[in-house]
Amino acid sequence: MTDFHAPHAAPEGAAAVFPAPAESEARRRWMGVLGRASGDDLERAWRSLADKPAYVAVRAPETGMVMVRGRAGGTGAPFCLGEMTVTRCAVETADGRVGVSYLAGRDPRRAEIAAALDALLQDPARRATLLREVIDPLAAGQADARRARRAKVAATKVDFFTMVRGD
C-alpha cells in the first residue's frame, strides 16, 4: 500500500529535500484554488499571461478513479465514502520546475493548465505577480460563490423550537 503523504525516498546518498513549511502552505493554497477553478477560468487566466513558458508533459493528462475516504464527525473511524473521477497531470518547464495537478472530473486541458501554473508559481521571480493576477482573483471569485451559496441555503433555513408549557 502506498502512503501518498509520506515523503518520497531520496536517491541513495542524497538528502531528502522538503520545502519550508511556509512555502508548502503557500503552495497548498494556490493548488487548492487551482483545483477548484473552472476550466473557463483557468483558460482565461492562462491566456492572460504575457509570457507563457514552454513546458513538456512529464505525465500527460490522464483520467482515473480514486477512493474517497471520510471520517464520521471528522474524528471517527475512517470509512470508504466512494470513488470519484480525477484527472492528473505533471509538466516540466524549461528551467526544470515540475508542476502537478490532481483535479476532480474529466477535463484534461484544465489539469494541464493547473499543472503549468503550479510550475510557474514555484518560480520566486514570477510568484508575486501570478498570485496577484491569477490566484487572488480566482480565490475571491470562489469566496463570492461560497457566500452566495450560503445565503441561498440560509434563506431556506427552518428553525424548529418547542414551546415550554406553563403547567
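Predicted model: local features only at pLDDT ≥ 70, side-chain atom pairs only at ≥ 80, totals over all residues.

Mentor: Residues are numbered from 1 along each chain as its sequence is written, and side-chain values use heavy atoms, with hydrogens and water left out.

Trainee: Which pattern does the protein follow along the sequence?
Mentor: Helices (H or I, at least four residues) and strands (E, at least two) are DSSP runs, numbered from the N terminus. By that count there are four helices and three strands. Read along the sequence, the pattern is α-α-β-β-β-α-α.

Trainee: What percentage of the residues count as buried?
Mentor: Buried means under 20% relative accessible area, exposed over 50%, and partly exposed in between (1.4 Å probe, protein chains only). The protein has 167 residues, and the buried share is 26%.

Trainee: Which elements do the buried residues of H1 pack against?
Mentor: H1 has 16 residues and reaches 23 Å from its first C-alpha to its last, close to the 22 Å expected at 1.5 Å a residue; that expected span is 1.5 Å times one less than the number of residues. Its buried residues are Trp30, Gly32, Val33 and Leu34. They pack against H2, strand S3 (98-104), H3 and H4.

Trainee: Which residues does Leu117 touch, not counting those up to four places away in sequence?
Mentor: Contact here means heavy atoms within 4.5 Å. Leu117 is one of the residues with the most contacts inside the largest core. Its partners are Leu34, Leu42, Trp46, Leu49 and Val134.

Trainee: How are the rings of Trp46 and Tyr55 arranged?
Mentor: Rings of Phe, Tyr and Trp (its six-membered ring) pair if their centres lie within 6.5 Å; planes under 30 degrees apart count as stacked, over 60 as edge-to-face and the rest as tilted. The structure holds one aromatic pair. The centres of the Trp46 and Tyr55 rings are 6.1 Å apart and their planes stand at 75°, so the pair is edge-to-face.

Trainee: Which side chain makes a polar contact with the side chain of Arg88?
Mentor: Arg88 sits in strand S2 (residues 78-93) and, at 28% relative accessibility, counts as partly exposed. A polar contact is a pair of N or O atoms within 3.5 Å; within protein, one must be able to donate a hydrogen and the other to accept it, and residues adjacent in sequence count only if both atoms are side-chain atoms. At 2.7 Å, the partner of Arg88 is Glu62.

Trainee: And which side chain makes a polar contact with that of Gln142?
Mentor: Gln142 lies in helix H4 and is buried, with a relative accessible area of 12%. Leaving aside neighbours within four places in sequence, Gln142 is in contact with Val33, Arg36 and Ala37. The polar contact, at 3.3 Å, is with Arg36.

Definitions and conventions: Core = buried A, V, L, I, M, F, W, Y, C linked by side-chain atoms within 4.5 Å.
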